[in-house]
Amino acid sequence: MRMPVVDQTLMVALQGYGWLPDQRRRSRDGVVQARVLGQRAVGLCGPDAARFFYDENNVTRRTAIPEPVQSTLFGHGAVHTLDGEAHRVRKTMFMTLLTGPGVAGLVEQAEAAWDDAVASWSPGQRVVLFDEASRVITRAVCRWAGLPLEDTEVPEVAARLVALVDGFATAGPRHWRARRARAGLERRIAKLIDQVRSGAAAAPPESALATIAEHRDASGEPLDSRVAAVEVLNVIRPTVAVCWFVAYSAHAMHLWPEHREALQARRPGYAEAFTHEVRRFYPFAPFIGGRAVRDLTWQGQPIPSGTLVLLDLYGQNHDNLLWPDPYRFAPERFLDRHIGAYDLVPQGGGDPRTGHRCPGEQITIALLEALVPRLADLDYDVPAQDLEISLQRVPARPASGVVIVPATTPSTAADQPPARQGTRSR
């Protein structure tokens, strides 16, 4: 197939999440041939495509992540930029931190931080849930990870961590804010890493700070202190990004209150199903990219070595062959359903232990399963506001951040009465 002449980079920026699905609809076989960032690109979608994409014999991530994304979202030298044995050794370190029994400690910290925040709200106070959730999770994950953080520092650090995610896919002010935030956070954490290594500061045993400071890569050498800071941020930053899903959860409960009632009733398995549906239904990452390591073919079409390979995450999560009636919010679709490793891909596909799937996915699910029922239990109003979620903005988010107004003096989740009827969010 002839290489397209017109570069689609501007259209990616203008269409956001809709660009690759739209291009796939225009193609005869669902495979997109395009030029992006001045390079040949092919766009794929579906479980088989995800399996193809995550096979390191086909696609590499190391040379495919653009510099603007490395300088904001991931950091230079991050695990996301590695392949082969170097990636597996570094990824094993992340898996020890982000899976297994240690996750329970983070959830406990988040529950305590949430309850403290809720208890501080006053009736009639306007609470921007996106911002509040970012501060709650920042406080929790920093304590869990072993980073010293005073309560007075939480709002600023939370804002910087949010900026890392919020600015990776734009060339405007959000992007430069993200670069500045990363530079400041990396300096602060690199200094702390040096202090831990010299004995001038203590890191809690088995914490992320201690584990990353002590880690030795495939070469047998410890990480450079700046790279170690990058990887500490790659534990903290995606955890704080769960605030996107908390805001989305409130958005869903407001539009479809019957799901809130099921959460309040503690219907078995419903919090997990609701969590999966929020991650499927709402936009987060539009697509991910890699580079063909050799001459390949996909469905009979050639993919020359070096071609950018784009996997359509948003399109796959809204594919009616996988998810009947995909634009209906329906948590029940996940009740008693086995989810294949390449089916639900908001945070990538495949095996997180060996591939490039996000190792923090278990943490995302665990935090949402803990916080969403607490949110459902609160008694609050939802005032008039702009709840639009623009698919042109990457990453998308509710325009207002989801403003809620406590209707009564909040208490802990265990003491919370059911939400009242009428104009209240219920």
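Is R266 buried, exposed or partly exposed? R266 comes out as partly exposed, because its relative accessibility is 43%; buried means under 20% relative accessible area, exposed means over 50%, and partly exposed is in between, with a 1.4 Å probe and protein chains only. The views below come from a predicted model, where local features need pLDDT of at least 70, side-chain atom pairs count only at pLDDT 80 or more, and totals for chains, interfaces and linings use all residues. Residues are numbered from 1 along each chain as its sequence is written, and side-chain values use heavy atoms, with hydrogens and water left out.

View A. Most residues other than glycine have a negative phi. E206 counts as exposed because its relative accessibility is 75%. Helices here are DSSP runs of H or I with at least four residues, strands are runs of E with at least two, and both are numbered from the N terminus.

**View B. W256 stacks with F329.** The ring centres are 5.2 Å apart and the planes meet at 5 degrees, so this pair is stacked. (Rings of Phe, Tyr and Trp, the last by its six-membered ring, pair if their centres lie within 6.5 Å; planes under 30 degrees apart count as stacked, over 60 as edge-to-face and the rest as tilted.) W256 sits in the loop between α12 (242–255) and α13 (257–264), F329 in the loop between α15 (313–317) and α16 (361–377), so the contact ties together parts 73 residues apart in sequence. W256 is partly exposed at 24% relative accessible area, while F329 is buried at 4%.

**View C. W323 and F334 make a tilted pair.** Here it's 5.5 Å centre to centre, with 45 degrees between the planes. The two residues are 11 apart, each in the loop between α15 and α16, and both are buried. A search of the whole structure turns up 17 aromatic pairs.

**View D. R397 over the rings of F130 and W244.** The charged end of R397 sits 3.8 Å from the ring centre of F130. R397 also lies over the face of W244, at 5.8 Å from the ring centre. (The test: NZ of Lys or CZ of Arg within 6 Å of the ring centre and within 35 degrees of the ring normal.) F130 and W244 belong to one aromatic cluster, whose members also include F245, Y248, W256 and F329.

**View E. A three-stranded open sheet, ordered β4-β10-β9.** The pairing is antiparallel, and two strands pair if DSSP finds at least two bridges between them. β4 (127–128) and β9 (380–381) are the edge strands, each pairing on one side only. Two bridges join β9 to β10 (residues 403–406), and D381 has V405 in β10 as its bridge partner.

**View F. The cis peptide bond between V394 and P395.** Most peptide bonds are trans. Omega between V394 and P395 is about -5 degrees, and P395 is in the loop between β9 and β10.
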